[in-house]
Every structure is written in C-alpha cells, then in structure tokens.
Amino acid sequence: MTPASPATTPYPGHTVSRNTGLLIAAEAVAFTLASTTHFITRFTAAAIPELVIAAILALASAAVLFQHPRSWGIAVAATTVATLGTALGLTIIATGRQDVPDLIFHAAALAALAATLIILSRARMRHG
C-alpha cells in the first residue's frame, strides 16, 4: 500500500465534523426558503441575494459532508460571506422597510451563522 498523496489527506486542522456540515446544510435550506418566499412575493431585491447565500452554503456543506481536503477553509469562507451578507441585509431591513418577519429571520440567521463560525474556529484550535 502506498501512502495517500498530500492533496487527498486532509490536514487535521482542516477537518470539519459531519454535524457542522449538517448545520451548514440547514442554514442553506433556511436561505432557500427565505429566497423562495421573496420570489413568491416578488421581492427579488431580497430573493436573489438569499439564493446566492443558499448556494454558497450548500456548496460548503457538500464540501464538508463529502470530506473535501479543504473543507474547513471552504466552510469558513462560505460562512463568513453568508454572515456578512446577512448582516448587510439585516441593516437594510432595520433602516428601511422594517418588516418584522424579515427582521426575525435575519437576526436568527445571523446568530446561527455566528455560532457556526465559532464552532469552526474551535475545531481549528482543537486540531491545529
């Protein structure tokens, strides 16, 4: 047997648990549902960014669940982009139309994404 190539052997600090991958997948689903709701109500200014965030999170979740060697970095990058986009959306809603369901969704999503970033940073500290 030959040793695995460095490209296929994940660095221990880059491993992400399956549960974290499932959490990211759940966040992707939530953004997909929010986007669908906004498409149905013809509010595409929100629907399109939410769909982009959903796609980014779905790709990150797939990277984690399929154990891509760079899953940690992909998950951190995707969650960071989603967090920044959600914070921007929350700011726009809070200073603009102040739709209560949107405020609640974005606040909850922001909390979940922040928790995911904390989980990812703790995983890095444990293994790195």
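1. Setting aside neighbours within four places in sequence, A54 is in contact (heavy atoms within 4.5 Å) with A28, F31 and T32. A54 sits in helix α2; helices are DSSP runs of H or I with at least four residues, numbered from the N terminus. A54 is buried, at 4% relative accessible area, where buried means under 20%, exposed over 50% and partly exposed in between, with a 1.4 Å probe and protein chains only. The C-alpha atoms of A54 and A82 are 8.3 Å apart, although 28 residues separate the two along the chain.

2. On provenance: this is a predicted model, in which local features need pLDDT of at least 70 and side-chain atom pairs count only at pLDDT 80 or more, while totals for chains, interfaces and linings use all residues. Residues are numbered from 1 along each chain as its sequence is written, and side-chain values use heavy atoms, without hydrogens and water.

3. F31 touches E50, I53, A54, L57, T86, F105, A109 and L113, not counting residues up to four places away in sequence. F31 and L57 have the most contacts inside the largest nonpolar core, which has 16 residues. Such a core is a set of buried Ala, Val, Leu, Ile, Met, Phe, Trp, Tyr and Cys residues joined through side-chain atoms within 4.5 Å. Helices α1 (18-40), α2 (44-65), α3 (71-95) and α4 (100-127) each supply at least two of its residues; α2 gives the most, five.

4. Which helix holds F39? F39 is in α1, and F39 counts as partly exposed because its relative accessibility is 37%.
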